Amino acid sequence: MKVRVTVMLKDGVLDPQGKAVEHALHVLEFKNVGDVRIGRVIDLEIAESDPARAIVQANEMARALLANLVIEDFAAEVVE
C-alpha cells in the first residue's frame with residue numbers, strides 16, 4: 001500500500017527557503033504570490049492491506065524519524 005507523508009514547518013516557524021522562493025517568484029513578475037512555505041513529501045510503500053493500519057504505521061514512522069516534531073507538523077494519507 002502506498003502512503004504519502006507530508007511534512008511542513010509549523011505555523012510561526014521561520015521558513016527561509018520559502019521566503020527565498022517567494023522573493024524569486026516576485027522577481028520573475030509573479031506578483032500575486034503571497035506567503036510561500038516549503039515542505040517535504042515522503043512516499044512509502046508499506047506491506048499492509050488495511051489502510052487504517054498503514055496510516056498508523058506511517059504516523060509512527062513520522063514521529064520516530066521523518067518529522068522533527070519540535071518545529072514540524074505532518075500528515076499521512078493513503079495514495080493510489
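## Ala54 in helix α2

Ala54 is found in helix α2. Helices here are DSSP runs of H or I with at least four residues, strands are runs of E with at least two, and both are numbered from the N terminus. The model is predicted: local features need pLDDT of at least 70, side-chain atom pairs count only at pLDDT 80 or more, and totals for chains, interfaces and linings use all residues. Residues are numbered from 1 along each chain as its sequence is written, and side-chain values use heavy atoms, with hydrogens and water left out.

Is Ala54 buried or exposed? With a relative accessibility of 0%, Ala54 counts as buried. Buried means under 20% relative accessible area, exposed means over 50%, and partly exposed lies in between, with a 1.4 Å probe and protein chains only. Leaving aside residues up to four places away in sequence, Ala54 touches Met1, Val3, Ile46 and Glu48; contact means heavy atoms within 4.5 Å. Ala54 and Lys2 are 52 residues apart in sequence, yet their C-alpha atoms are 8.5 Å apart in space.

## The nonpolar core

Ala54 also belongs to the largest nonpolar core, which has 11 residues. A nonpolar core is a set of buried Ala, Val, Leu, Ile, Met, Phe, Trp, Tyr and Cys residues joined through side-chain atoms within 4.5 Å.

Which elements give two or more residues to this core? They are β1 (2-9), β2 (39-45) and α2 (51-66). The largest share, four residues, comes from α2.

## The overall fold

The protein has two helices and three strands, and along the sequence they follow the pattern β-α-β-α-β. The radius of gyration is 16 Å, well over the 12 Å that the globule rule gives for 80 residues, so the protein is more spread out than a compact globule. This radius is taken over C-alpha atoms, and the globule rule is 2.2 Å times the number of residues to the power 0.38. Along the principal axes, the C-alpha trace spans about 45 × 30 × 15 Å.

Of the 80 residues, 25% count as buried. Among contacts between residues at least 6 apart in sequence, 68% join residues at least 24 apart.

## Surface and charge

The accessible surface comes to about 5,500 Å², and 58% of it belongs to carbon and sulfur atoms. Such areas come from the Shrake-Rupley method with a 1.4 Å probe; for residues, only the protein chains shown count as cover.

The protein has 9 positive and 14 negative charges, and their mean positions are 3 Å apart. Lys and Arg count as positive and Asp and Glu as negative, while His and the chain ends are not counted. The place of a charge is NZ of Lys, CZ of Arg, CG of Asp or CD of Glu.

His23 lies in helix α1 and counts as exposed, at 54% relative accessibility. His23 and Ala47 are 24 residues apart in sequence and 42 Å apart in space, C-alpha to C-alpha.

Glu29 lies in the loop between α1 (16-27) and β2. Glu29 is exposed, with a relative accessible area of 59%. Most residues other than glycine have a negative phi. Phi of Glu29, however, is near 75°, a positive value. Lys31 lies in the loop between α1 and β2 and counts as exposed at 55% relative accessibility. Lys31 and Val41 are 10 residues apart in sequence, and their C-alpha atoms are 26 Å apart.
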